[in-house]
Amino acid sequence: MARRTGRSLFLAGLSAGTILSGGTVPGLAQQATTLEELSVTASPVQPAAKPVPGAVLQPLPRTPTGVLPVVTDSFSSVTVVTRSEIERSQPTQLGDALFDKPGLSASTFAPGAASRPIIRGLDNTRVRIQENGVGVGDVSELSEDHAVPINPIAADRIEVVRGPAALRYGSQAIGGVVAAENNRVPTFIPVGGIAGRVTTGYSSVDNGYSTAASVDAGAGNVAVHADGFRSQGDSYNTPAGIQANSQYVSQGGAVGFSVIGDRGFVGISYSHYDALYGIPGGGSAERRVLLDPVQDRLLARGEYRPLEGPFAVIRFWAGGSVYKHNESGLEDDGLRTIGSTFKSREVEGRVEAQHVPVDLSFGVLTGAVGIQSDRRVLGTSGEAGGLIAPTDARANALYLFEELALPSGTRVQAAGRIEGTRAAGTATNFPGDYLPGSVDPLEYDRRRRFAPKSASFGVLQDLPYDFVGSLTASYVERAPSVLELYSRGPHEATETFEIGDPNLKLERARTLELGIRRAVGPLRLDATGYITRYTGFIYKRETGTFCGDEFSTCGAEDELRQIVYTQANAQFYGAEIGAQLDLIPVGNGFIGLDAQYDFVRAQFDNGSFVPRIPPHRVGGGAYLRADGWYARVFLLHAFAHTETAPIETPTPGWDDLRAEISYTKPLDPAVYGASEITLGLQGRNLLDDRIRNSASFKKDEILLPGRNLRLFLTARF
């Protein structure tokens with residue numbers, strides 16, 4: 001993506017026309033804000049990296065601390081969490097890193113340990129999570145108590161494609177994509193042959209600490225990478241006291257190797273992740289339920305730029321993972337036993353070929369074609385085998401993107417995708433009223449095949465004063481997941497008895513999205529409004545019946561709420577806005593204001609509301625960014641959530657007051673051994689408010705962490 005360079009920055013009180021046009025004010029030195037060159041995951045049409053003599057490629061420049069990163073060249077709405085923000089907040093789960101971003105939330109089932117991202121009210125099988133272009137290969141979409149085996153502290157940045165990203169990644173990304181990016185497969189050789197960083201921090205709310213270190217090195221055309229991390233915390237504090245059984249520990253690392261040439265690179269990496277954490281709230285806390293996920297992962301990727309021929313760039317990604325976790329708890333006799341075991345083996349590959357630009361009489365045409373294939377084998381035992389029997393899911397796809405750049409500053413993109421998916425599992429023939437009868441439900445092998453098709457059309461238009469407008473329309477089909485098709489029993493984590501429907505049809509979504517963005521100058525803006533019409537939206541419908549651990553107890557015992565995967569037509573609409581305004585020059589930086597607002601409203605055609613939707617939120621604050629200093633005060637307010645589904649309870653509003661201060665100082669490596677050091681202090685929920693997440697299954701049982709102070713330190717060399 002082309003680098004955008006900021007124009008002049010201005011004093012408060014200037015006319016709106018002067019601010020927006022980026023004009024120069026006499027007597028003020030001209031300043032510039034250089035934003036990171038962001039590689040957006042929504043489209044395979046990307047600029048090819050230029051080869052550098054000696055095969056020495058350089059990393060992308062860092063976004064200045066505190067600057068709102070706005071992506072203006074994407075046809076999809078994109079949120080970026082920069083490395084600087086990750087170092088300051090040090091989240092241990094992707095959901096925690098994204099919880100407060102416009103249009104985003106998280107499940108917060110076990111804050112700090114199991115918190116999966118939610119995009120525009122959509123979660124689980126509608127949100128794809130990936131690392132370096134390959135799916136994460138876990139089981140987090142099967143249940144909210146399952147952790148995502150990615151610790152954000154090991155990422156260089158996190159990208160979120162809001163809205164349908166299924167055109168490139170498949171129908172399971174109908175709600176969006178969360179992409180963790182790092183250099184585990186090296187793509188550059190640092191200047192001087194070696195570079196690295198160490199990040200550490202301490203948080204008061206849980207007596208927790210995080211540490212991560214990485215090093216990149218190379219010579220000639222060989223590059224190597226290594227990293228490691230560890231995060232640990234006790235049960236966290238809330239305004240109501242300690243949230244029992246919320247402790248966690250996670251650790252892991254990776255090594256990678258690449259060969260880099262003038263025409264591209266090819267590399268491979270191996271990574272390991274393991275964790276141990278508790279599930280707070282209700283019976284899980286009483287039984288001191290623990291999960292112990294372990295994952296080993298291989299990833300290969302590469303890029304080749306031919307000297308001649310129809311293709312300018314050919315890229316590939318391939319990965320495989322082996323994942324397992326046990327769920328254990330204390331029995332009445334005080335002994336810990338394993339209740340459930342989940343295993344997953346997954347492989348995925350994708351190849352994309354971007355054709356050379358075609359000069360037409362009215363513009364330049366650029367495009368890419370890609371193929372994708374993946375297979376996942378899910379194994380279960382113990383209580384997990386009661387929820388769902390082992391399954392085998394496969395998918396193959398072909399997709400095409402074409403972009404046309406017109407001289408008037410207009411860019412047009414059209415894309416299409418067709419998939420072939422297969423899901424094999426054990427189906428159960430439940431009675432129509434979902435109550436036990438005289439005969440046990442029949443179980444039988446069932447294989448479903450689907451052919452989801454997707455298409456999109458988008459327009460980007462350069463506007464005056466460096467604004468960019470966007471209009472996109474998409475049609476996406478999603479195949480039901482194995483859990484939606486083949487669920488058949490108790491789900492202790494969510495305290496539900498889940499019943500799938502092996503006859504579910506494709507879920508269809510039609511989306512229209514309008515956005516306006518500005519990435520340069522004193523005003524940076526990212527605003528989007530959208531509406532999505534779903535046909536056959538699949539959701540968990542509560543029947544009002546309660547069950548025990550067996551179907552024969554439904555209607556007779558009250559331990560678990562019975563839910564049935566059901567399809568109904570629904571409509572989602574909402575908006576998300578983020579903005580920053582540099583106001584008063586201070587040193588080489590500014591004092592400024594920032595603000596955000598987001599909401600999503602989701603309703604079925606019968607007038608009832610979709611369950612577990614995030615609340616309306618609005619926030620604002622002030623910041624100082626100058627001479628290595630960064631300071632910010634920000635208040636995020638969530639309104640009470642009262643648009644609830646049947647049987648769902650309302651959620652009260654809350655206020656999260658945040659403040660932070662940090663200082664970054666360049667150093668002489670010859671003297672100090674480091675080239676830069678950052679030291680800071682960050683406060684979260686400083687009002688110690690009672691925060692409950694309306695999108696969480698356990699919002700009535702657990703509070704999110706109370707007042708927290710985090711001390712953080714990062715050194716680069």
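The protein contains 8 helices and 36 strands; helices (H or I, at least four residues) and strands (E, at least two) are DSSP runs, numbered from the N terminus. The model is predicted, with local features needing pLDDT of at least 70 and side-chain atom pairs counting only at pLDDT 80 or more, while totals for chains, interfaces and linings use all residues. Residues are numbered from 1 along each chain as its sequence is written, and side-chain values use heavy atoms, with hydrogens and water left out.

The overall form comes next. For 717 residues, a compact globule would have a radius of gyration near 27 Å, and the 25 Å of the protein agrees with this. The radius is taken over C-alpha atoms, and the globule rule is 2.2 Å times the number of residues to the power 0.38. Along the principal axes, the C-alpha atoms fill a box of roughly 85 × 60 × 50 Å. Of the 717 residues, 58% count as buried; buried means under 20% relative accessible area, exposed over 50%, and partly exposed in between (1.4 Å probe, protein chains only). The protein exposes about 27100 Å², and carbon and sulfur atoms supply 59% of that area. Accessible areas come from the Shrake-Rupley method with a 1.4 Å probe, and for residues only the protein chains shown count as cover. Contacts (heavy atoms within 4.5 Å) also tell something about the fold: among those between residues at least 6 apart in sequence, 67% join residues at least 24 apart.

Strand pairing can be followed sheet by sheet. Two strands pair if DSSP finds at least two bridges between them. An open sheet is formed by 5 strands in the order E1-E6-E7-E4-E5, with mixed pairing. Its edge strands are E1 (77-81) and E5 (134-135), each of which pairs on one side only. Within this sheet, strand E6 (residues 157-162) and strand E7 (residues 176-181) run antiparallel and are joined by 6 bridges. Glutamate 159 has alanine 179 in E7 as its bridge partner.

With strand E10 (residues 222-233), the pairing extends over 12 bridges, and glycine 228 has glycine 253 in E13 as its bridge partner. A hairpin of 2 residues joins E13 to E14.

Charged pairs form another theme. Side chains of opposite charge can pair when their charged atoms come close. A search of the whole structure finds 47 salt bridges, each defined as a side-chain nitrogen of Lys or Arg within 4 Å of a carboxyl oxygen of Asp or Glu. One of them joins arginine 488 and glutamate 443, whose closest N and O atoms are 3.1 Å apart. This pair links distant parts of the chain, since arginine 488 lies in strand E26 (residues 488-491) and glutamate 443 in strand E23 (residues 442-450), 45 residues apart. Arginine 488 counts as buried at 19% relative accessibility, whereas glutamate 443 counts as partly exposed at 46%.

Arginine 488 stands opposite isoleucine 499 in E27, and E26 and E27 pair in the antiparallel sense over 4 bridges. Their hairpin has 4 residues between the strands, and glutamate 495 there takes a positive phi near 55°. Threonine 428, placed in strand E22 (residues 410-429), touches Pro441, Leu442, Glu443, Arg488 and Pro502, not counting residues up to four places away in sequence. This threonine is buried, with a relative accessible area of 10%.

Another salt bridge joins arginine 478 and glutamate 507, with the closest N and O atoms 2.9 Å apart. Arginine 478 lies in strand E25 (residues 468-478) and glutamate 507 in strand E28 (residues 507-518), so the pair ties together parts that are 29 residues apart in sequence. Both arginine 478 and glutamate 507 are buried. Lysine 540 and glutamate 498 also meet in a salt bridge (3.7 Å, N to O). Here lysine 540 belongs to strand E29 (residues 523-547) and glutamate 498 to strand E27 (residues 496-499), distant parts of the chain 42 residues apart. Lysine 540 is buried at 13% relative accessible area, and glutamate 498 is buried at 0%. Finally, salt bridges that share partners join Arg120, Arg162, Glu513, Arg517, Asp526 and Glu576 into one network.
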